[in-house]
Amino acid sequence: MSVVRKVGTALGGVLGGARLFADQRLAWQRGAAPREMPILYIEVIKRCNLRCVMCGYPTDYPGAGKRLDTAAMERVLRDSLELGCRIVSFGGGEPFLRSDICRLVDLCAELGLGLHINTNGTRIDAKVARQLCGASHLHLALSLDHCDAEPNDKIRGLGVFAAVRDAAGHLRQHAPQVALSLNVVVGAHNVGTLARTVDLAARWGLGGIKFLPLHDNLGHRWKDGGVPTEMRGGRELPEILGEELLRAAERAHALGLQTSSRAFLSRVPDYLNGNLHFPCYAGFLYGNIDPFGQMFPCYDHTEPLSVLDHGLVAAWRSPAMNRMRERVRNCATPCWNSGNAEPSLRMDPLTTLADPGQLLNDLEQYLL
């Protein structure tokens, strides 16, 4: 790429980002639909092959109606372009239980959409990795909660540690262009081990590691009995974990790994103490769709609104979505889910200016 073209691309990105920022801020102040929806989260399936102790899947997840099939998913993805969507995130359940998942990955590449998939990694063998060999702009986040096999598998299931390690190896061998990272749920079960988990990610040839605090709201509120006590720890945990998270992030940066933003990690103790509230951009910067086509800002604020009935664009701009946006603006639920909080933090100019490198890292990880 020539120097002139690089400068033009960078300038276009800056101007586009400024327009997006202004559109989002104005929409949030008014409680109205933004012109654009830059991020779309799609929970592509409710089933999971694991029984992780802190998760509400698979038996307690409420749902009704017909699942979004391949044709419906394709319509949603194509329609997202009309709303200026840049990033799509597939979650579940376990997305790789869908027989058409590689077709959907290919379609996102055809449409120029950056694609992020949260996966437990246990369904990614050499055959699946080879199917992903041509995927561009794809990021896979593999779930792992401990750097040692036995304590990890106590939480996620026997053999999961080895399966995630093998999945990383298959992908590095057969689909080296796919960006890989770890998602680590943090709590009393892994305090004191996070820096070693960073080292593990580096040894496995991954490009990043994200740290996610335990939470009871959103989809996890359907878990019988809530999050296990042994993962919560005592009153001292928030302070201890807060300090450790920042040290782990420093270790990740030293090894060249992408990681959660300092702004996100520094507020984890406040969240664990139940003291955290922030301007959330759920329903503004991003929309959520469940496996049955229901659209909403987040699982704490829903009402019937189907993309199967109305189409994605009409649902995004509908009065029903605006009613849910208003509830988001007035939400008092302590919430520090990474998918909600990290994008919302980018809408705070002071936070972004304090750490512009993090924004560039995000763009590199998800879009480039």
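Analyst: Two strands count as paired if DSSP finds at least two bridges between them, and helices (H or I, at least four residues) and strands (E, at least two) are DSSP runs numbered from the N terminus. This is a predicted model, where local features need pLDDT of at least 70, side-chain atom pairs count only at pLDDT 80 or more, and totals for chains, interfaces and linings use all residues. Residues are numbered from 1 along each chain as its sequence is written, and side-chain values use heavy atoms, with hydrogens and water left out.

User: What makes E2 and strand E3 a pair?

Analyst: E2 and E3 (residues 114-119) share four bridges in the parallel sense, and the definition asks for at least two, so they pair. One of the bridge partners in E3 is Gly114, which goes with Ile87.

User: How many bridges join strand E1 and E2?

Analyst: Five, again in the parallel sense, with E1 spanning residues 39-43. Ile39 stands opposite Ile87 of E2.

User: What makes strand E2 mostly covered?

Analyst: Buried means under 20% relative accessible area, exposed over 50%, and partly exposed in between (1.4 Å probe, protein chains only). Five of the five residues of E2 (87-91) are buried. Ile87, Ser89 and Gly91 point one way, Val88 and Phe90 the other.

User: Why does Arg346 count as buried?

Analyst: Its relative accessibility is 18%, and the cut-off is under 20%, so Arg346 is buried. Arg346 is found in the loop between helix H15 (338-345) and helix H16 (349-354).

User: How do you know that the side chain of Arg346 makes a polar contact with Glu342?

Analyst: The side chain reaches the backbone oxygen of Glu342 at 3.0 Å. A polar contact is a pair of N or O atoms within 3.5 Å; within protein, one must be able to donate a hydrogen and the other to accept it, and residues adjacent in sequence count only if both atoms are side-chain atoms.

User: Why are strand E7 and strand E9 said to stand at the edges?

Analyst: The open sheet of nine strands runs E7-E6-E5-E4-E3-E2-E1-E8-E9, with mixed pairing. E7 (258-259) and E9 (295-296) each have a single partner strand, so one side of each lacks a neighbour in the sheet.
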